[in-house]
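Student: I have a structure to go through and would like to ask about it piece by piece.
Tutor: Go ahead.

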Amino acid sequence: MTYIVNDSCIRCKLMDCVEVCPVDCFYEGENMLVIHPDECIDCGVCEPECPVEAIKPYTSPNLEKWVELNAKYSALWPNISVKREPPADAKEWEGRPNKEALFSPNPGQGD
Ligand code: SF4
Ligand code: F3S
């Protein structure tokens with residue numbers, strides 16, 4: 001059991017989640033974060049912290065793609081444990097449908 005980040009995070013990348021994770025298992029891409037499935041201890045603390053509800057238990061419906069994506073990119077991207085300023089246009093991307101097409105495989109800056 002683990003938690004995963006889904007496409008609601010894309011271009012919002014608010015980073016409230018990284019502040020509360022007790023094991024620092026968030027990894028940063030250019031426009032979203034992911035959770036490392038082998039490091040997450042399933043505490044659930046991050047889920048209510050995300051203002052755009054991008055964090056879900058991996059057993060939630062229709063998240064198979066994001067389970068795979070979190071596993072893949074958490075092994076490639078740098079760790080992030082300190083919140084920075086979110087993107088200036090984060091608010092504009094809240095709740096937009098079909099953000100999957102905007103996913104960037106490029107790494108973020110990390111801590
Ligand atoms: Fe971190 Fe807990 Fe969220 Fe897993 S469920 S990512 S351990 S805060
Ligand atoms: Fe993304 Fe939500 Fe964290 S928008 S960076 S999962 S607080």
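The questions below go from the overall fold to the ligands and then to single residues of this predicted model.

Student: What radius of gyration does the chain have, and what would a compact globule have?
Tutor: The C-alpha trace spans about 30 × 30 × 25 Å along its principal axes. A compact globule of 111 residues would have a radius of gyration near 13 Å. The value for the chain agrees with this, at 12 Å.

Student: What share of the residues in the chain is buried?
Tutor: A residue counts as buried if its relative accessible area is under 20%. Of the 111 residues in the chain, the buried ones make up 44%.

Student: Among contacts with a separation of 6 or more, what percentage joins residues 24 or more positions apart?
Tutor: Contact here means heavy atoms within 4.5 Å. Of the contacts in the chain with a separation of 6 or more, the share from residues 24 or more positions apart is 78%.

Student: Where does ligand 2 sit, and how many charged residues are in its shell?
Tutor: Ligand 2 sits in the largest cavity. The residues around ligand 2 include Val5, Leu14, Met15, Leu33 and Ile55, and also Lys13 and Asp16. Lys and Asp both belong to the charged class. By class, the shell of ligand 2 has 10 nonpolar residues, no polar ones, and a charged count of 2.

Student: Which residue is the polar one in the shell around ligand 1?
Tutor: Ligand 1 takes up the second largest cavity. Its shell has 11 nonpolar residues, 1 polar residue and no charged ones. Among the residues around ligand 1 are Tyr3, Cys21, Pro22, Phe26, Cys40 and Gly44.

Student: Is His36 buried or exposed, and which residues is it in contact with?
Tutor: His36 lies in the loop between S3 and S4. Its relative accessible area is 15%, so His36 is buried. Leaving aside neighbours within four places in sequence, the contacts of His36 are Cys25, Tyr27 and Ser74.

Student: Where is Asn62, and what is its phi?
Tutor: Asn62 is in the loop between S4 and helix H2 (64-74). It has a relative accessible area of 67%, so Asn62 is exposed. Asn62 is not a glycine, yet it has a positive phi of about 60°.

How values were computed: Residues numbered from 1 in each chain as written. Chains lettered and ligands numbered in written order. Predicted model: local features only at pLDDT ≥ 70, side-chain atom pairs only at ≥ 80, totals over all residues. Heavy atoms only, no water. Near = heavy atom within 4 Å. 1 Å grid on protein atoms, 1.4 Å probe; cavity = no way out; pocket = protein on both sides within 12 Å on 5 of 7 lines; lining within 4 Å. Sits in = over half its atoms within 2 Å of the grid points. Rg over C-alpha atoms; globule rule 2.2 N^0.38 Å. Buried < 20%, exposed > 50% of the residue type's maximum accessible area, 1.4 Å probe, protein only. Helix = DSSP H or I, 4+ residues; strand = E, 2+ residues; numbered from the N terminus.
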